[in-house]
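Hi there,

Here is the structure I promised to pass on to you. Have a look at it first, and then read on for what I found.

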Amino acid sequence: MRPLALVTGASRGIGAAVARVLAPGYDVLLGGRDTARLEALAAELPGARAWPVDLTDHDEVAEAVGGIDSLDVLVHSAGIGEIGTVADTPAEVWRREYEINVVAVAELTRLLLPALRRAGGRVVLLNSGSGLVARPGWGPYAASKFALRAFADALRAEEAPNGVRVTSLHVGRTATDMQRHVVEQEGGTYDADQYLRPESVAGAVMVAVTAPDDAALTELSLRPF
C-alpha cells in the first residue's frame, strides 16, 4: 500500500503544486473548500482524491479525519494574507488571520497526531519570511506567522519522541492568487516573473518530506532569486 499524504489549500497555488509533486509516490488527500477544483486536480493525479473541508469548522474537520488511521505526510498550505498597519486593522481582521493561519492548523494537526505517530509522519508548515521578520504594514499577517512558527517549534519538541518530524518552510513572495491579492492591497502592480514559482516551493517541500530517517529538517527559507 502506498503512503498517504494530506495537503491543505490544494485547490490552487502552492498547495496544488505540492500535491502534484507528491502524487508519484503518495496517495494524496486534496484539502480545500473549492470542491470542483479539487475534483479536477484529483482527476489528473492517480491515487488522489478530493477532501473538501472548511478548516475553520472544527466539527466538520473532526468528522473528516475520522477515517485516517495512518498519515505519512501532512502539508499545511492553506492560509490567508491580510495586511495593514496596527492603527488601521480592526480586531476582526486579527481574529480571522489567527483563526485560519494558526488555530485551524493546530486543530487539524492535533486531530491527526495519532495517525502521524503511527506512520512516523512528516509535518510541513508553509510559513513565510514574515514569520521571521515583521515589516511595517504587515503586523497582523506577521503576528500569525510568528505564532505558526512557535506552534511548529512546540510540536517538534513534543512529538520527536513519537517519531514525528516537523519542518517550518519560510517562503518568500510566490506567484499565487494570494500574492496577487496582497499586491493589490499594497497598491502595486502584480508581475508573476518577480516571484517564486509554486513548483519551486513544492520542490522545497519534497526536500523536507524525503529527508533521510537520521535527519530532521527543522527550518528552511526560500526566497526569489
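**Ser-130 and its surroundings**

Ser-130 touches Trp-138, Tyr-141, Ala-142, Lys-145 and Phe-146, leaving out residues up to four places away in sequence. Please keep in mind that this is a predicted model. The serine sits in the loop between β5 (122-128) and α5. Is Ser-130 buried or exposed? Its relative accessible area is 5%, and the cut-off for buried is under 20%, so Ser-130 counts as buried.

**The helix after that loop**

Helix α5 covers residues 139-159, 21 residues in total. From its first C-alpha to its last it reaches 30 Å, close to the 30 Å expected at 1.5 Å a residue. Among the buried residues of α5 are Tyr-141, Ala-142 and Lys-145, and these three are also touched by Ser-130.

**Leu-125 in β5**

Leu-125 has its place in strand β5. With a relative accessibility of 0%, Leu-125 is buried.

**Helix α1 and its link to α7**

Helix α1 (residues 13-22) is mostly covered, as seven of its ten residues are buried. These are Ile-14, Gly-15, Ala-16, Ala-17, Val-18, Ala-19 and Leu-22. What do the buried residues of α1 pack against? Their partners are the strands β1 (4-7), β2 (27-32), β4 (73-76) and β5, together with the helices α2 (35-44) and α7.

Ala-202 is found in helix α7, which spans residues 198-209. Ala-202 is buried, with a relative accessible area of 2%. Leaving aside neighbours within four places in sequence, Ala-202 is in contact with Ala-17, Val-18 and Val-21. Of these, Ala-17 and Val-18 are listed among the buried residues of α1. By contrast, Ala-202 and Gly-84 are 118 residues apart along the chain, with 28 Å between their C-alpha atoms.

**The chain as a whole**

How many helices and strands does the chain have? There are seven helices and seven strands, and along the sequence they follow the pattern β-α-β-α-β-α-β-α-β-α-β-α-α-β.

On overall dimensions, a compact globule of 225 residues would have a radius of gyration near 17 Å, and the chain agrees because its own value is 17 Å. Along the principal axes, the C-alpha atoms fill a box of roughly 50 × 35 × 35 Å.

Of the 225 residues, 47% count as buried. Among contacts with a separation of 6 or more, 63% come from residues 24 or more positions apart. The chain exposes about 10,500 Å², with carbon and sulfur atoms supplying 53% of that area. As for charge, there are 21 positive and 29 negative charges, and their mean positions are 4 Å apart.

Definitions and conventions: Residues are numbered from 1 along each chain as its sequence is written. This is a predicted model: local features need pLDDT of at least 70, side-chain atom pairs count only at pLDDT 80 or more; totals for chains, interfaces and linings use all residues. Side-chain values use heavy atoms; hydrogens and water are left out. Helices (H or I, at least four residues) and strands (E, at least two) are DSSP runs, numbered from the N terminus. The expected span of a helix is 1.5 Å times one less than its number of residues. Buried means under 20% relative accessible area, exposed over 50%, partly exposed in between (1.4 Å probe, protein chains only). Contact means heavy atoms within 4.5 Å. The radius of gyration is taken over C-alpha atoms; the globule rule is 2.2 Å times the number of residues to the power 0.38. Accessible areas come from the Shrake-Rupley method with a 1.4 Å probe; for residues, only the protein chains shown count as cover. Lys and Arg count as positive and Asp and Glu as negative; His and the chain ends are not counted. The place of a charge is taken as NZ of Lys, CZ of Arg, CG of Asp or CD of Glu.
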